[in-house]
Amino acid sequence: MVRSKSEVFIANVYYELGIPYKYECPIVLENGSVRYPDFTLLDIARHRVVYHEHLGLLDDAEYRRAAILKLREYRQNGIYTGKNLILTSETAYAPFDPEQFRRRIRDSFQVELLKQVRK
C-alpha cells in the first residue's frame, strides 16, 4: 500500500523494471532519529542502496517546510541527490510526469544493460 496515485505509479515502474524496493522502510540516522523514505531501492548495477522521496504536496507550506528539513537531515547523513537520493515532486502547476520518470529510472538503473547481462 502506498499513499498517492503518483506513488502507485512509481512503485509499478520499479516493479516492472525489476528494481528491488521497499516502501517506507525505516532508516536510522547518525543522531538516532528514524526516517521513512518513500522508497528504498537496490541499485543492482552499482551494488548500492538508493533512496527515493516523492514530494507530492509541495503546494502546502507546512509540507514544504518539513520536506526541506528532512532533506537537510539526509544530506547531513550522506544521502543526497546526485549520489544516492532520487527526488520527484509535483504541484498544481507542475504535475508529476510518469513517462519522464520511467525513462529517467530506466537510464539511471541501467535496466537495458542488466537485461542483456541476465540473458
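Reader: Two strands pair if DSSP finds at least two bridges between them. Which residue stands opposite Leu 87 in β6?

Author: The residue opposite Leu 87 in β6 is Glu 53. The model is predicted, so to speak of local features requires pLDDT of at least 70 and side-chain atom pairs count only at pLDDT 80 or more, while totals for chains, interfaces and linings use all residues. Residues are numbered from 1 along each chain as its sequence is written, and side-chain values use heavy atoms, leaving out hydrogens and water.

Reader: In which sense do β5 and β6 pair?

Author: Their pairing is parallel, over five bridges. Strands (E, at least two residues) and helices (H or I, at least four) are DSSP runs, numbered from the N terminus.

Reader: What is the strand order of the open sheet?

Author: Its four strands follow the order β1-β4-β5-β6, and the pairing is mixed. At the edges are β1 (21-23) and β6 (85-89), each with a single partner strand, so one side of each has no neighbour in the sheet. On average, neighbouring strands are turned by 20° against each other, direction ignored; axes are lines fitted to C-alpha atoms, for helices over the stretch in contact, and angles between N-to-C directions run from 0 to 180 degrees.

Reader: How many bridges are there between β1 and β4?

Author: Three bridges join β1 to β4 (residues 39-43), in the antiparallel sense. Tyr 23 stands opposite Phe 39 of β4.

Reader: And how do β4 and β5 run, parallel or antiparallel?

Author: They run antiparallel, joined by five bridges. Leu 41 has Val 50 in β5 as its bridge partner. The two strands form a hairpin with four residues between them, and His 47 in the turn has a positive phi of about 55°.

Reader: At what angle do α1 and α3 pack?

Author: Helix α1 (residues 5-16) and α3 pack at about 35°, and their axes are 11 Å apart. The contact includes Phe 9, Ile 10 and Val 13 of α1, and Phe 101, Arg 102 and Ile 105 of α3.

Reader: How many residues of that contact are charged?

Author: Three are charged (Asp, Glu, Lys or Arg), alongside seven nonpolar (Ala, Val, Leu, Ile, Met, Phe, Trp, Tyr, Cys or Pro) and no polar ones (the others, Gly among them).

Technical notes:
Contact means heavy atoms within 4.5 Å.
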